[in-house]
Amino acid sequence: MSIVDFDMAFDTLDGAVNIHRGQVDATLWRTLCVHVAASGGRLVALWGSDQTQHTGRYAVHAAFATDAEFAVITLPLEGASYPDTSDMFPVAIRMQRALHDLLGLSATGAVDDRKWLRHAAWPADVYPLRKSSMDESTQVSDFKQKNIDDVPALDAYPFIPVAGDGVHEIPVGPVHAGTIEPGHFRFSIVGERVLRLEQRLGYKHKGIEKRFEQMDLMHGAKLAARVSGDSAAAFGWAYAMAVESAAGVTPPPRALWLRALLLERERIANHLGDLGFLGNDAGLAFGLSQFLILKEDVLRLNQALFDHRYLMDVIVPGGVARDFPDDGVTRVRDECSRLEEVVQRLKHIYDEHAGLQDRFVDCGRVTPDLAARLGLIGQAGRASGQAWDVRVTHPCAPYRELDVRMATHQGGDVAARVAVRFAEITESIRLLRLIVDRLPLGEIASPVPTPPEGKLGIGWVEGWRGDVFVALETARDGRIARLHPRDPSWHNWPLLEHAILGNIVPDFPLINKSFNLSYAGQDL
Amino acid sequence: MFQLLRQVVKTGIKTEAYPQPDDALRVTLDRLQAAVLERFHGSLAIRHVDAGSCNGCELEINQLNCPYYNLEGLGIKFVASPRHADMLLVTGPVSRHMEVALKRTYDATPDPKLVVAVGDCGCTGGIFGENYASRGRVSNVIPVDVAVPGCPPTPVALMQGILTAIAVKKT
């Protein structure tokens, strides 16, 4: 039985990915979750919206994917609570906690109901995403910073303690020792071995979802590209896809092919950087120097071709903002040949380097079984045998024609995540060549008509880290009523707590880097 | 090992020309005496603090490690603790949840110290601005010497900002 066979009214949305949409009541919500979980499907996103001004109700929405289908389900609420889904989809735990912090909707029956995104910036009885709770003027003035010494008491957070002979805690962060984003890690250890890791994130929460609600659809694209700066093309595309599906417009073919070019370039640049830092974290500074040269060359070509090193603001609703210059085809082909040659040579050096392999192999292992149970996705998921790749399983144009070869590995350790990155670079180089060879001629953007109020738009794109999902609800006059951007890091952060178990503390930076998750994307 | 060495030789020296200081980037004039700044020249320790960025600025700060830029060739290095630092390189906007951590990091950095705010968000609050969760620009929270705009600023712009902060102001 598939999701659409379920006893629900489905209508199909316009847009690039094939989406079914339905509305359920609380009982059917649970039944549907059981059904999706049992058929090997996964929860892609869980979010809520305040529709009290129109229907007098709040609503909770979930996006589910099975290997054949993709559905967005809405549950209108009677009050401010909905049935827990985290017993079937552990990934929902943090999403539900965030949903309570921001919108005041609670999951009945959830085991973990601690706060997640809220620290001390706003009081526990204020819910920023409720339309009634804050207007633009109260947002800035209402919650003046308290005395610096009061914050720890205001921000008390119940970490789960580990007790026993010789067990002690190492608190790390939010400010870390390297050039990385802020977050807090609480290690409970015996000797050097990690018994438990508990993450506390939310330090970067800067009200992105609320900010979207002050924007119109065109301006929102700029913010979408900055949800997680390293995934600017992925979020840019997912956002544009959401707007286009709400407005019922399809971008011209050339724009879609250029978007794929941008997405693959972003994948290559990030994987190159990660491979360099992974070498460096294992003590091979040579790797960092070499890979950063390759990455810099890719970034410079991005600048030359698209006027931005990280491809921000190139993808806009309706198409792309800049056309591909005439000499672009040759320059990309030359780049591909050079990259392919050097990456192969460096892969050989990494593979043969005993010291490096000693750190990589069997480090930070997530078995395929655990990955399936807890819902690991993206490149880390593929390195633990989870064969999800939206470009393959739910392809939109032009991926339907590109026939992407998915890279998977059963190892689940740092070595497997390194191997998947190498394989994905090789595949993306192949795709870049195909794209520039077959790039259609014509317009690069279509005009986007203003969608009516209350339309739902969905974007779903396989970024370099994993699938990026954007849900949009339109307001009057081309403005945004609600926008939920979901970074794949939401799914993978909890797995990092498992990957470190039994490893030693000094291996944590290496394991963390092998996942390279976004703090900004999950803190919103 | 042979392959590794061959690759090193084949790569050669990639370092490019360093940028010059630019007084237009200064937020505060002459906060530190020339004698102090001269000591920082050729030996500067930087602690990076991400106070709430989208992580775009971090990509470019990391890219300073690329041999093309060779920041360490100027005696400038990143350190693991504010206790070891002469300069804080702060990306923003400053989220309210990072405000205390940023102030504490500033207090933990020994005097005399410099602060460089990085990126459009660090300079002005950028697209995020000020709201219930964001305090906006870095100078809303700690004193700033030099601000480097850009979304994100390029590695060359970052180097220029850092060099401006330790350059003695021309009179």
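P174(A) sits in the loop between β8 (167–172) and β9 (184–190) of chain A, where helices (H or I, at least four residues) and strands (E, at least two) are DSSP runs numbered from the N terminus. A cis peptide bond with omega of about 20° links G173(A) to P174(A). Chain B has a cis peptide bond too, between G92(B) and P93(B), with omega of about 5°. P93(B) belongs to the loop between β3 (87–91) and α4 (96–108) of chain B.

The model is predicted, and local features need pLDDT of at least 70, side-chain atom pairs count only at pLDDT 80 or more, and totals for chains, interfaces and linings use all residues. Residues are numbered from 1 along each chain as its sequence is written, while chains are lettered from A and ligands numbered from 1 in the order in which they are written.

Chain A contains 19 helices and 15 strands. Its C-alpha atoms fill a box of roughly 70 × 60 × 50 Å along the principal axes. Of the 524 residues in chain A, 55% count as buried. A residue is buried if 20 or more other C-beta atoms lie within 10 Å of its own, exposed if 12 or fewer, and partly exposed in between, with C-beta atoms placed from the backbone. Two residues are in contact if their C-beta atoms, placed from the backbone, lie within 7 Å. Among contacts in chain A between residues at least 6 apart in sequence, 67% join residues at least 24 apart.

Chain B is built from six helices and seven strands, in the order α-α-β-α-β-β-α-β-α-β-β-β-α along the sequence. Its C-alpha trace spans about 55 × 35 × 30 Å along the principal axes. For 171 residues a compact globule would have a radius of gyration near 16 Å, and the 17 Å of chain B agrees. Buried residues make up 54% of the 171 residues in chain B. Of the contacts in chain B with a separation of 6 or more, 85% are between residues 24 or more positions apart.

The two chains meet through 48 residues from chain A and 45 residues from chain B. On the side of chain A that touches chain B, the elements giving two or more residues are α3 (136–141), α5 (208–212), α6 (217–224), α9 (285–306) and α10 (328–352) of chain A. The most comes from α9(A), with seven residues. By class, this side of chain A divides into 24 nonpolar, 13 polar and 11 charged residues. Ala, Val, Leu, Ile, Met, Phe, Trp, Tyr, Cys and Pro count as nonpolar, Asp, Glu, Lys and Arg as charged, and the others, Gly among them, as polar.

Within chain A, the helix α2(A) is mostly covered, as 12 of its 12 residues are buried. These buried residues pack against β3 (42–51), β4 (57–65), β7 (106–108), α5 and α17 (489–499) of chain A. Just after α2(A), G104(A) has a positive phi of about 70°.

The loop between β6 (81–83) and α2 (92–103) of chain A holds D84(A). D84(A) is buried, with 21 other C-beta atoms within 10 Å. Beyond its neighbours within four places in sequence, D84(A) is in contact with A107(A), T108(A), G109(A) and A110(A).

Two other loops of chain A carry a positive phi in a residue other than glycine. L311(A), with phi near 65°, lies in the loop between α9 and β11 (315–316) of chain A. D477(A), with a phi of about 55°, lies in the loop between β14 (467–474) and β15 (480–486) of chain A. Are these residues buried or exposed? L311(A) counts as buried because it has 26 C-beta neighbours inside 10 Å, whereas D477(A), with 9 such neighbours, counts as exposed.

Note on methods. The radius of gyration is taken over C-alpha atoms; the globule rule is 2.2 Å times the number of residues to the power 0.38.
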